[in-house]
Amino acid sequence: MAVNGAFFVSGGCWSVFRRDMKSAIGGMRMNPILVSTRPLTASSEQAVAPGVEEKGGKKISKRLEDVDVSEVERPSLQDYFEQSKDFIRSDGGPPRWFSPLECGTRLENSPLLLFLPGIDGVGLGLMMHHHRLGRIFDIWCLNIPVMDRTPFTELVKLVERTVRSENYHSPDKPIYLVGESLGGCLALAVAARNPDIDLALILANPATSFGKSPLQPLIPLMDVMPDQLNLGVPYVLSLMTGDPLGMVMATVEKGFALQQTIGELSQVLSDILPPETFLWRLKMLSSASAYANSRLHAVKAETLILSSGKDQFISSQEEGERLCHALPNCKIRKFANNGHFLLLEDGIDLVTVIKGVCFYRRTKCYDYVSDYIPLVPSEVRQAIEEYRWINIAASPVMLSTMEDGKIVRGLAGIPSEGPVLFVGYHMLLGLELAPMILEFLTERNILLRGIAHPMMFKRLRSGPLPDLSSFDTFRVFGAVPVSGSNFYKLMSSKSYILLYPGGMREALHRKDEEYKLFWPESSEFIRMAARFGAKIVPFGVVGEDDFGEVVIDYDDLMKIPYFRDQIRDLTNQSVILRTESSGDVANQDVHLPGVLPKVPGRFYYFFGKPIETEGRKHELRDKKKAHELYLHSKSEVESCLAYLKEKRKGDPYRDLLPRLLYQATHGFTTEVPTFEI
């Protein structure tokens with residue numbers, strides 16, 4: 001059946017029904033959405049009202065502009081069943097676009113996102129992500145009715161017409177194609193036919209390797225005996241997820257009966273994919289895979305591949321690696337414990353994945369400041385859980401300085417308005433980062449935007465450096481690569497900025513160099529701060545010598561030919577900084593020192609009195625004056641370090657055992673005392 005082009009271009013429309021997600025399950029009302037040339041959204045939701053959420057005895061406020069913590073409950077597999085029934089009951093017809101009701105108010109100039117469904121064709125594969133995606137994208141979902149028999153090539157033309165039309169209306173914005181399984185082949189085909197359009201592809205387990213699927217041999221059997229072949233619910237589920245009942249059990253944990261859930265899943269699957277439709281879609285997958293593979297060479301679009309490790313439908317991880325090497329501008333993220341329908345599984349947040357890869361942009365190029373998507377509580381909770389071990393081991397003590405010079409425990413002395421620039425000592429291997437950033441979020445709801453080494457964002461070539469996915473959490477939390485333009489943009493947006501002038505040289509210091517600063521001669525950050533009237537907060541952190549001791553350093557490694565060659569390979573993979581400097585500051589080769597662990601001690605942070613630059617813009621244009629303030633800032637950091645090294649001697653809970661005994665007596669969420677201030 002050919003697609004009726006007039007359906008998308010002229011004034012004709014179809015009625016597509018969606019449930020209001022704010023109602024209770026079982027009593028949800030049905031709201032019609034008219035779908036014509038452009039999908040019409042029947043309603044929208046405002047952001048959740050500010051409030052306070054309790055987490056581990058601490059309050060996570062929902063007030064700060066810099067951290068958008070509005071969050072709604074994610075739909076479940078049960079919701080997918082119910083909404084799929086609504087689409088199955090619709091009046092048939094050709095494929096059509098619809099916009100989800102659940103999408104809220106969007107950011108200004110949000111790009112278009114076209115969701116291309118998998119073998120089910122329903123178009124609800126993003127339903128667990130609509131709320132968050134809808135705030136940053138204009139979402140259109142493709143629905144292929146159960147009885148529709150539109151060939152793959154006609155589906156390609158349908159999507160292509162939409163892409164060209166929207167690109168004509170908004171030529172400066174990218175268009176996102178999110179394809180799942182069959183939809184991944186569809187996205188690649190459209191991208192290959194339109195290399196001059198700014199497309200961004202997100203492919204969840206694309207079915208380009210369907211030829212190796214265990215279902216491929218079933219196609220001739222179903223042709224011969226369509227009524228005799230019974231796949232059964234467990235087998236179909238095993239192809240959908242790595243754990244055959246994983247998705248079902250996740251729904252049961254949310255309060256639904258197991259028997260009811262399995263029964264509804266069985267019925268919905270048979271309704272979505274009756275034998276004749278299932279056979280048609282399998283044949284379409286075969287042709288779609290061949291079509292996309294034959295045109296991979298023509299794909300120029302920026303691409304993100306999401307690969308599951310337990311996908312029994314196709315060999316997704318192996319195929320993801322193949323595509324990543326075949327496509328010119330491609331990134332990959334792997335999910336070892338997930339199955340084929342990745343986007344319907346618990347624990348996957350597509351917006352968080354997009355943030356971690358820096359894959360969201362509203363113009364031709366990604367902007368690390370204006371395109372950054374604020375945090376939500378689930379991301380903060382996940383980071384707290386991920387780094388809980390270091391908080392337990394380090395039991396960090398935070399001290400800050402009030403305007404009158406009084407030192408207090410906690411972060412009350414941190415300025416309430418930006419821009420604020422934090423400059424301090426970078427501990428060995430950057431161990432101080434996670435406790436500090438999370439403490440700022442939980443106590444003050446302040447997001448520290450770290451200025452980081454470029455190797456966390458890009459590679460000049462392949463080599464032994466850790467995969468870029470290792471740094472996704474840092475990018476989710478707003479880290480930006482070091483550059484003058486990013487520094488300027490953060491200042492102009494009144495951010496709280498974290499800068500380590502000593503950089504990698506301090507974080508990878510030599511033996512007996514703990515707490516020694518390696519700052520360059522340049523004082524550029526002083527003049528940038530003065531330009532925006534920013535407050536400069538010097539800080540020190542000590543405790544690394546209670547966690548480990550450097551026993552093999554850079555100098556030792558460079559004497560061994562094998563490690564010398566490895567260091568050169570590591571360094572050549574990343575951008576080299578401070579090429580204009582000399583001496584120790586310029587020596588920032590990438591390496592990993594040998595560290596002998598110790599029984600954990602404690603981390604101590606001291607944030608000094610803020611240094612005002614407001615009103616000193618013209619004064620600090622003078623290089624001599626700026627350098628004097630630079631040296632003063634450095635001296636304040638050294639004073640903070642000296643203060644902490646002396647005061648920690650009087651902390652009865654500096655060692656791990658006394659802290660554990662105290663927490664065992666008073667509760668493990670209780671704040672452990674420290675020295676007298």
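Which residue forms a salt bridge with Asp545? The partner is Arg648, with the closest N and O atoms 2.7 Å apart; a salt bridge places a side-chain nitrogen of Lys or Arg within 4 Å of a carboxyl oxygen of Asp or Glu.

## Basis of the report

This is a predicted model, in which local features need pLDDT of at least 70 and side-chain atom pairs pLDDT 80 or more, while totals for chains, interfaces and linings use all residues. Residues are numbered from 1 along each chain as its sequence is written, and side-chain values use heavy atoms, leaving out hydrogens and water.

## Salt bridges around Arg648

The structure holds 26 salt bridges. Asp545 lies in the loop between strand E18 (535-542) and strand E19 (548-552), and Arg648 in the loop between helix H22 (623-647) and helix H23 (656-666), so this pair ties together parts 103 residues apart in sequence. Helices (H or I, at least four residues) and strands (E, at least two) are DSSP runs, numbered from the N terminus.

Arg648 also meets Asp546 in a salt bridge (3.5 Å, N to O). Arg648 counts as buried at 5% relative accessibility, where buried means under 20% relative accessible area (1.4 Å probe, protein chains only). Asp545, at 19%, counts as buried, and Asp546 is buried with 15%.

## A second link

Arg602 forms a salt bridge with Asp651, the closest N and O atoms being 3.0 Å apart. Arg602 is in the loop between strand E20 (594-597) and strand E21 (604-607), and Asp651 is in the loop between H22 and H23, 49 residues apart. Arg602 counts as buried at 0% relative accessibility, and Asp651 is buried at 6%.

How values were computed: Buried means under 20% relative accessible area, exposed over 50%, partly exposed in between (1.4 Å probe, protein chains only).
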